[in-house]
Each structure stands twice: as C-alpha cells, then as structure tokens.
Amino acid sequence: MSTTDDLGNTITLPQPARRVVSLAPHLTELAYAAGGGAALVGVGRYGDYPAAVRKLPQVGDAYALNLEAIAALKPDLVLLWGSGTNERAKAQLRALRIPVYESEIRSVEGIASALRAIGALLGTEPAAQAAAGQLQLDWQSLGEQYAKRAPVRVFYQLWHEPLMTLNGEHLISSAIATCGGVNVFATLPTLTSTVSWEAAVKADPQLIATAGAQADDAHLEGWQRFSSRVSAVRDGRYALLPGELIARMGPRFVLGARQLCEAIDKVR
C-alpha cells in the first residue's frame, strides 16, 4: 500500500492499515467515507461524526497530543492535519516511528484526493473512489446551478474578537466563488488574517457569513453599529452556517457550501 500525502511525503505500508488514529475531525470523517471506519482506534478531540466516533478514545488535539495514549493504541497509521498541528507535536509524533499521512486540503478536489489516498492506505479503494466521485459530481452540480448568477459581495467571519477572515486560497472561499459570490478579502496575502473594522466596513459586504451554533449569533453583534455604512447590516443579511459542515475539510463540505449558496442567492 503506497500513496503520497499533501506535503509530498510517500507513505508505504506492508499491508492495509488496520489500526488508525485520526487527529482531526475532518480526517475522521474522510476515513469513514473512504470505507475505513472499522480501522479507527483513536481520534482527536472534537471528533463527533459519525456517531460511532464518540465511543473511541480521544488522544489530544492540534495543540497537545497524548503521545503515551497514541503509542498504547499501537496504530499502524496516523492521519494528521498539517497546518492544524504545531511543529513540536509533529516531531514528537514522528519520533514514535509510526507512518503519518499529513493532510493540507485547500479545494474540493483536495478532499476527493484525500479520500482516494486514505482508501489506498486502508485497502478500501472501491468505497473511496465512489465517495470521491460523488463528491466531485455534487460540487460540479452546485457550480452549474449558482456560479453564473449575479455576484454578491461576501465577508466571511472566522472570528469576531479580533475580527478575522480568509483569503481566496481558503477552501471556504472556493465555496463563495462557486456560489457566485465574491470574497471581499480574497487578495489578502495569508490564508487567514486579522482585519480592521475600518477595512471591513469599507469593503461594504452584501452578506456577512460565519460558522457556528445558533448561540453564536452574538458573534455578529459588532456589525450593528455600522447599519448606515454596510449593506449587509442595513438589509439584515447574515448567514450563520453549521460549522461541522462548512468549516470542516471533509465529505460533508459540499452540504455546507449549498447552504452558503442559498444564503447568497437570497441577497440577489
């Protein structure tokens, strides 16, 4: 079993992985979608889908890995989120001499590629290929439905204190574009950035979108003082999207993107 991860590392296994630890929720979902759920023996914190994941041991998160717990599970493969894991934790993990697949997804094609790669390592290629193919068809269909409609200026809020957003290379920005929207901060030099309220107001978005639970409505309250200067605030155009869909680089991302498309379409 051999494949290349998103950092160009070649991972070769003598046989399909049978004891897998996944250290990010989206990678856990990808492993299940690729047909390898039965091989998972441990997951990172915040993994909650599918329901069976909640019964598995949790072995840390992007900031602190429980290396003893990971070693005790005797994994033959670890799935790791590259930019979501600090370098010190990565080095400690690799010191255990466990094969590591490092993921860095920036597009829906990247999600499909990850499905195929994980399927190759777990020996579940038919299920992985089917899942990847369906994902690509759903994404294509979404673009055909919305991409050519009238453009709508969108501000995507990652966080409110400080105000944070994302640039055009981010996976969520690809959803904005596919929906026929325009990310007002697409040209920022880094994937995620803090921006000033002055700059955000000047961009005059027609829709302000964010991810979270219903209780996270309060995260949008800072915009209310700009009702006379920002189109979205004046017209009450906000989109609170399910974070487990739109903010995860997993097989359900297109479902979240569809909800974003519907929100953008309402502005039209």
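Analyst: In strand β13, Leu241 is the bridge partner of Ala211. That pair belongs to the link between β12 (residues 207-211) and β13, two parallel strands joined by four bridges. The model is a predicted one, and what follows is computed from its atoms.

The sheet that holds this pair is open and has four strands, in the order β10-β7-β12-β13, with parallel pairing. At its edges are β10 (181-183) and β13 (238-241), each of which pairs on one side only. From one strand to the next, the twist averages 30°.

Helices pack on this sheet. Helix α6 (residues 171-178) touches β7 (152-157) and β10, and its direction makes about 145° with that of β10. Helix α10 (residues 253-267) touches β7, β10, β12 and β13, and its direction makes about 160° with that of β12.

Ser22 stands opposite Leu79 in β5.

How do α4 and its neighbour α5 meet? Helix α4 packs against α5 (residues 125-146) at an angle of about 175°, and their axes are 8 Å apart. The two helices are therefore roughly antiparallel to each other. On the α4 side the contact includes Val108, Ile111, Ala112 and Leu115, while the α5 side includes Ala128, Ala131, Leu135 and Trp139. The residues of this contact divide into ten nonpolar, three polar and three charged.

The largest nonpolar core has 56 residues, and Leu77, Tyr101, Ile118 and Phe253 touch the most other members. Helix α4 (residues 108-122) gives the most to this core, with nine residues. Another core lies apart from the largest one; it has 14 residues, among them Leu163, Leu188, Leu220 and Phe226.

Strands β8 (residues 159-160) and β9 (residues 163-166) run antiparallel and are joined by two bridges. They form a hairpin with two residues between them. Trp159 stands opposite Met164 in β9. On to the next partner, β9 is joined by three bridges to β11 (residues 192-194), again running antiparallel. Here Thr165 has Ser193 of β11 as its bridge partner.

Last come a few points in the backbone. Most peptide bonds are trans, and most residues other than glycine have a negative phi. The bond joining Glu161 and Pro162 is cis, with omega about 0°, and Pro162 is in the loop between β8 and β9. A cis bond also runs from Tyr49 to Pro50, with omega near -5°. Pro50 lies in the loop between β4 and α2 (67-72).

That loop between β4 and α2 also holds Tyr46. Tyr46 is not a glycine, yet its phi is positive, about 80°. Is Tyr46 buried or exposed? Tyr46 is exposed, because its relative accessible area is 57% and the cut-off for exposed is over 50%. Lys74, in the loop between α2 and β5, has a positive phi near 55° and is likewise a residue other than glycine. Lys74 is exposed as well, with a relative accessible area of 64%.

How values were computed:
Residues numbered from 1 in each chain as written. Predicted model: local features only at pLDDT ≥ 70, side-chain atom pairs only at ≥ 80, totals over all residues. Heavy atoms only, no water. Core = buried A, V, L, I, M, F, W, Y, C linked by side-chain atoms within 4.5 Å. Buried < 20%, exposed > 50% of the residue type's maximum accessible area, 1.4 Å probe, protein only. Axes fitted to C-alpha atoms, helices over the stretch in contact; angles between N-to-C directions. Parallel < 35°, antiparallel > 145°, perpendicular 65-115°, else oblique. Contact = heavy atoms within 4.5 Å. Nonpolar A, V, L, I, M, F, W, Y, C, P; charged D, E, K, R; others polar. Pairing = 2+ DSSP bridges.
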